[in-house]
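Student: Hi! I've just opened a new structure and could use a guide. Can we go through it together?

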Amino acid sequence: MSMDRPDRLAAALTERGLDALLVTDLVNVRWLTGFSGSNGLAVVGPGEQRLFLTDFRYLTQSAEQLDAGWERTIAPEILQAAAVAVGVPAPGTDGSVRVGFDDADLSVKDHGTLASHVADGVELVPAGGMIERLRSVKDAGELDKIRAATRLADAALTEVLTRGLAGRTEREVALDLEFTMRRAGAEEASFPSIIASGTHSALPHASPRDVEIPVGTLVTIDWGARLDGYASDCTRTYATGELDPRDREIYDLVLEAQETSLAAVRAGAGGREVDAVARSIITAAGHGEHFGHGLGHGVGAEVHEGPRLSQRSDAVLEVGQVVTVEPGVYVPGAVGVRIEDLAVVTEDGAEVLTSLPKDLQVIQ
Ligand code: ZN
Ligand code: ZN
């Protein structure tokens, strides 16, 4: 990392007419400064100001992790110290100092602390999402980390599947998967794994149960690994034996929607437009009402970030964004199927990171 990121942020501050941005969200702090501890804050100005604040516990860690170019302050109350550091209006002017804060992250209580410690004439301006917009386009190093997280997660599931699905409980499979990912070097699962069999597969965000996975059913597995600060996200749906023809039909439908919409991913395509490709296929088959979530989302330092691929998305895809393509059909009380790949947006298409096969696999 370099000062490239704070400089890109500084340019965005100028565009927004802000005199400083207070960065409180820890994922944003890490992306911006390199610091990964649990208490840190950055103040960035459109000019030279690059201030990082943390407390005594992180004296050593912050010295090791901070990218070059940051001025560091150790303070017991970093929010109060930041409130003072954002400055005061220039003497003799009646102007104010406009300080952006992340309104999606700062609590009402912390906002109160901030407001009571800034100088007269400092205006606190809601400015959430500025770093998230920059973060959505990944640099080469970030792409390598996401590729590595995806490879690790794929290898872990492949290993877990050699131990079978039918006869094990959903919870056993989830624990096995998490343990296998951690043993292979993952920091953690990037979110709690979903292992959903039988009628439970109709719940898009099912929690693994202490229920044995039966033979002859579908099992949806949605999992990811976090490695070096970056997440992966993937879903496969497996059969545990001979399927009801209805289940097979839904699998084939979701697969067609997934492959066709994945082929529509490219720089310049709209998030709404790519979503519509999958949605029209599923709707034409009479399952439109059974696909109630968006087609996909960005993945990076967070497992859910911009851009969104959905009916409400205004995003236009850019080279270097990393998105999931994950249509699903969920028939309440009956069955559900989701198939999800992770892909990097390129000039003329997508680099698919997920390596696992998508034709229906039978795992007993
Ligand atoms: Zn997923
Ligand atoms: Zn996802």
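Student: What is the site of the zinc ion (ligand 2) like, going by the angles among its 4 donor atoms?
Tutor: Keep in mind that this is a predicted model. The angles at the zinc ion (ligand 2) run from 78 to 151°, and the site is irregular. To count as tetrahedral, four donors need all angles between 85 and 135 degrees.

Student: Which protein donors does the zinc ion (ligand 2) have?
Tutor: Asp233 gives an OD atom, His297 its NE2, and Glu326 and Glu340 an OE each, at 2.1 to 2.2 Å from the ion. Written along the chain, their spacing is D-x63-H-x28-E-x13-E. Glu326 sits in the loop between strand S15 (322-325) and strand S16 (328-331), and Glu340 in the loop between S17 and S18, so this pair ties together parts that are 14 residues apart in sequence.

Student: Are Glu326 and Glu340 buried or exposed?
Tutor: Glu326 is buried, with a relative accessible area of 8%. Glu340 counts as buried too, because its relative accessibility is 0%.

Student: OK, and how far is the zinc ion (ligand 2) from the zinc ion (ligand 1)?
Tutor: The two ions are 3.1 Å apart, and Asp233 coordinates both.

Student: Let's zoom out. How many helices and strands are there in the protein?
Tutor: The protein has 10 helices and 19 strands. Its C-alpha trace spans about 80 × 40 × 35 Å along the principal axes. Of its 364 residues, 54% are buried. If you take contacts between residues at least 6 apart in sequence, 67% join residues at least 24 apart.

Student: Could we pick one helix? What span should helix H1 have, and what do its end C-alpha atoms show?
Tutor: Helix H1 (residues 4-16) has 13 residues, and at 1.5 Å a residue it should span 18 Å; the end C-alpha atoms are 19 Å apart, which agrees.

Student: Which residues in H1 are buried?
Tutor: Those are Arg5, Pro6, Leu9, Ala10, Ala12 and Leu13. They cover an arc of only 165° around the axis, which puts them on the same side of H1. Thr14 and Glu15, on the other side of H1, are exposed. Just after the helix, Gly17 has a positive phi of about 70°.

Student: Which residues does Glu142 touch?
Tutor: Setting aside residues up to four places away in sequence, Glu142 touches Arg5, Trp31, Val137 and Tyr230. Glu142 belongs to helix H7 (residues 140-161). With a relative accessibility of 5%, Glu142 counts as buried.

Student: New topic! How many aromatic pairs does a search of the whole structure find?
Tutor: The search finds 2 aromatic pairs. One of them is Phe35 with Tyr58, which is edge-to-face, at 5.2 Å centre to centre and 85° between the planes. Phe35 lies in the loop between helix H2 (26-33) and strand S2 (40-44), and Tyr58 in the loop between strand S3 (50-54) and helix H3 (59-65), so the pair ties together parts that are 23 residues apart in sequence. Phe35 is buried at 0% relative accessible area, and Tyr58 is buried at 13%. Phe35, Phe52 and Tyr58 form one aromatic cluster.

Key. Residues numbered from 1 in each chain as written. Chains lettered and ligands numbered in written order. Predicted model: local features only at pLDDT ≥ 70, side-chain atom pairs only at ≥ 80, totals over all residues. Heavy atoms only, no water. Helix = DSSP H or I, 4+ residues; strand = E, 2+ residues; numbered from the N terminus. Buried < 20%, exposed > 50% of the residue type's maximum accessible area, 1.4 Å probe, protein only. Contact = heavy atoms within 4.5 Å. Expected span 1.5 Å × (residues − 1). Arc of directions from axis to C-beta. Donors = N, O, S within 2.8 Å, 3.2 Å for Na, K, Ca; no water. Tetrahedral: all angles 85-135°; square planar, octahedral: opposite > 155°, others 65-115°. Phe/Tyr/Trp six-rings, centres within 6.5 Å; stacked < 30°, edge-to-face > 60°.
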